[in-house]
Amino acid sequence: GKGRYVIIRPGPLITGKTTLGAMDLEINQGDTVGGGLSRDELAGAVLGALQSGVAGVTVEVYRRSTHTKLQPEFAAFSGNEFSADTYSGLFSKCKKDV
C-alpha cells in the first residue's frame, strides 16, 4: 500500500567490515549529510529497517567516522543525526516523508 516503503540512501561502499556493528553507523534525513559504509553495514541497516517496521521514510546511512556535508553550503551537522546500539534502533526516530 501507499507509504509502505523505506528508502535507504547509502554513501559510497568502502572496504573492510564493521567492528562495532550498528554502533558505528549514523542515520540522517534531509539529504544534507552522508558518508561511506561497508557492505555488511549496509546489509545490517536494511535488515534493521525491516525489523523495525518503519515505513514511509527516506534516510541516509553511513559510518559515523565518514560523516560529511554533501554540499559546501550545507551545515556540517543537520540536527537530524541519530545513532543506536542496534540496526533496528537506528530507525526508531525517523520522521515520515511528507
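1. Two strands are taken to pair if DSSP finds at least two bridges between them. On that basis this predicted model contains an open sheet of 3 strands in the order E1-E4-E2, with mixed pairing. Strand E1 (6-10) and E2 are the edge strands, each of which pairs on one side only, and the twist from one strand to the next averages 30 degrees.

2. Within this sheet, E1 and E4 pair in the parallel sense over 5 bridges, and the bridge partner that Arg-9 finds in E4 is Glu-60. Helix H1 lies across E1, E2 and E4, and runs at about 165 degrees to E1.

3. The largest nonpolar core has 14 residues, and those with the most contacts inside it are Ile-8, Ile-27, Val-59, Val-61, Leu-90, Phe-91 and Cys-94. Two or more residues of this core come from each of strand E2 (25-28), helix H1 (39-52) and strand E4 (57-63), with E4 giving the most, namely 3 residues.

4. Which residues is Ile-27 in contact with, once its neighbours within four places in sequence are left aside? They are Val-59, Glu-60, Val-61, Asn-80, Glu-81, Phe-82, Leu-90, Phe-91 and Cys-94.

5. Thr-32 sits in the loop between E2 and strand E3 (33-34). Thr-32 counts as buried because its relative accessibility is 19%, where the cut-off for buried is under 20%. Apart from neighbours within four places in sequence, Thr-32 is in contact with Thr-68, Lys-69, Leu-70, Phe-74 and Ser-78.

Terms used. Residues numbered from 1 in each chain as written. Predicted model: local features only at pLDDT ≥ 70, side-chain atom pairs only at ≥ 80, totals over all residues. Heavy atoms only, no water. Core = buried A, V, L, I, M, F, W, Y, C linked by side-chain atoms within 4.5 Å. Buried < 20%, exposed > 50% of the residue type's maximum accessible area, 1.4 Å probe, protein only. Helix = DSSP H or I, 4+ residues; strand = E, 2+ residues; numbered from the N terminus. Contact = heavy atoms within 4.5 Å. Axes fitted to C-alpha atoms, helices over the stretch in contact; angles between N-to-C directions.
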